[in-house]
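Here are my notes after a first pass through the model.

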Amino acid sequence: MNNPMQFLEIEREEPTVIESKVRVYDYKEIYLNYSSDLASKQAGRCLNCGNPYCEWKCPVHNYIPSWLDLIKDGKLIEAAEMSHKTNSLPEICGRICPQDRLCEGACTLEDGFGAVTIGSIEKYITDEALKLGWKPDLSNVKQTNKKVAVIGAGPAGLACADILTRNGVKATVYDKYERIGGLLTFGIPPFKLDKDIVEKRRKIFEEMGIKFILNTEVGKDIQFKDIYNEYDAVFLGMGTYTAIEGKFPGEELPHVYKALPYLVSNIRHVLKISSEVVSMKDQNVVVLGGGDTAMDCNRTAIRQGAKSVTCIYRRDEENMPGSKKEVKNSKEENVNFLFNYQPIEILGNDKKIEGVKVVKTTLGPADALGRKKPAIVENSEKIIPADRVIIAFGFNPSPAKWFEGNSINVKDNGLLKINNEFEHQTTNSKVFAGGDMTRGSDLVVTAVFDGRAAAENILDYLEI
Ligand code: FAD
Ligand code: SF4
């Protein structure tokens, strides 16, 4: 018998998390999976409030209460089918979405009782369904004679290829890296997302008929014009990769690192793709920035055996852009936080870093994004000693040189112009785009949304 008040008896319970003193010695994911019994109980906490704000706050508008209901009754395969109706990478979003800002933040139970553990249940559904041999059923798909090229195997490109394939369009995905995933593989550390999860997804996509042409940079190894002429339409999901600089003295010193190359060097080392690695072992490390990338650098440096890791951020904890869960995980793993301090110089020379000169900040009124603007406090300079510095200030767009000769226009800020006759259509009507390269650095789930939405518009453009 259904009990809509189950949340009064059963508390929110997250999957078991590996203790921080144990987990810092390897790169394994830190959350274990639910048992079927616990997943069912936690799903049963949903009170079916009738106003599923969670669905609206989820960027892909997952049918959350419906699949929670199926899991409550142990109907795993039905839940997996339903979960894939709105999301191309549910097991990945379940792991790395900032749920506190999205679905779970909007759950009616969040105030007072603790939100339903939506992300962990979403992850559980696909992980367990795959163990049982579940695969997407494409038996009713009618093949068209259309083919579309996707440039970029990140979440936007993968989601676009997924929807095209489910509608009988042949999708071929090009990527310059040797593995699919974009930042899922070469960016987000393995302790947040095990790379085998991405490889499992690759197998599913390949079995569906998606073709991957990897190790191939468009514009270098193959010309865009050749792809453009061969296919009926093209989708671009190439991300944003220009690291934002602090523009203060000392940034170019040898032991100052940009966040993404640092993280990628470690991932390649962990995956045994490369024997070389930028290591923070035995070093006093300062990480500059307060977003998810900074948290990933903090936690990677800790796992590499840093002597100390201090994260400096110019606002307070409340106004940090990153996921609260990742800040908590960083703290548990012994990262020190220095809030309300802004770096103004990195001190040192070609051989040695001495430290980071910082000034204190106070917070003024909120900006357009709702975050309070920092203002510098005069005569508040101090030096934070450091041997290594990692800069994680986010990313600016990185438009390809070949856009210009192909009538693909960008805005003044470098993001692609889209929403022509069709949504997600660039200024070249045969070319569509989405993900970070159109909205700026954002989230996996928003890139998935864009890829799926662009695919729907490509279908309209191709009159399918
Ligand atoms: P990308 O993932 O960047 O993929 C673009 C792909 O295009 C890449 O594979 C690239 O090789 C390929 N490409 C580019 N140019 C070419 C070319 N000329 N030829 C061939 N291939 C090309 N989001 C979350 O939701 N949760 C998180 O916890 C999270 N953590 C993050 C941690 C880090 C360190 C970073 C950097 C980002 C994180 N994000 C997180 C953000 C998220 O990863 C991105 O928003 C998302 O990956 C964007 O997807 P995309 O498909 O637009 O681009
Ligand atoms: Fe929540 Fe992200 Fe899953 Fe949507 S995709 S339900 S926001 S975890």
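1. In which loop does S88 lie? Keep in mind that this is a predicted model. S88 sits in the loop between α6 (76-83) and α7 (90-96). With a relative accessibility of 0%, S88 counts as buried.

2. The side chain of S88 has two polar partners worth a look. One is the side chain of D162, in a polar contact of 2.7 Å. Another is the side chain of R452, where the polar contact is 2.8 Å. Leaving aside residues up to four places away in sequence, S88 touches A159, D162, R201, F205, V448 and R452.

3. Now turn to R452 itself, which belongs to helix α16. Is R452 buried or exposed? R452 counts as buried because its relative accessibility is 11%, and the cut-off for buried is under 20%. Its side chain also reaches the backbone oxygen of K85, at 2.7 Å. If residues up to four places away in sequence are not counted, the contacts of R452 include H84, K85, T86, N87 and S88, and A159, C160, D162 and I163 are also among them.

4. Next, ligand 1. There are 30 residues around it, and I96, D175, K192, V218 and Y241 come nearest. A polar backbone atom of L183 is 3.0 Å from an oxygen atom of ligand 1. For V218, a polar backbone atom lies 2.9 Å from a nitrogen atom of the ligand. At V444, a backbone N or O atom is 3.0 Å from a ligand oxygen.

5. How much of the accessible area of ligand 1 does the protein cover? The figure is 96% of the 1,000 Å² that ligand 1 has on its own. Helices α9 (155-166), α13 (292-303) and α16 (444-461) are the elements that give two or more residues to the shell. By residue type, the shell divides into 14 nonpolar, nine polar and seven charged.

6. On to the aromatics, where the count comes to nine pairs.

7. Separately, F224, Y228, W402 and F403 form one aromatic cluster.

8. Last, a look at S35, found in the loop between α2 (20-23) and α3 (36-43). S35 is partly exposed, with a relative accessible area of 40%. A polar atom of its side chain lies 3.1 Å from the backbone nitrogen of L38.

Terms used. Residues numbered from 1 in each chain as written. Chains lettered and ligands numbered in written order. Predicted model: local features only at pLDDT ≥ 70, side-chain atom pairs only at ≥ 80, totals over all residues. Heavy atoms only, no water. Near = heavy atom within 4 Å. Polar contact = N/O pair within 3.5 Å; in protein donor to acceptor, adjacent residues only side chain to side chain. Areas by Shrake-Rupley, 256 points an atom, 1.4 Å probe, with all protein chains shown as cover. Helix = DSSP H or I, 4+ residues; strand = E, 2+ residues; numbered from the N terminus. Nonpolar A, V, L, I, M, F, W, Y, C, P; charged D, E, K, R; others polar. Buried < 20%, exposed > 50% of the residue type's maximum accessible area, 1.4 Å probe, protein only. Contact = heavy atoms within 4.5 Å. Phe/Tyr/Trp six-rings, centres within 6.5 Å; stacked < 30°, edge-to-face > 60°.
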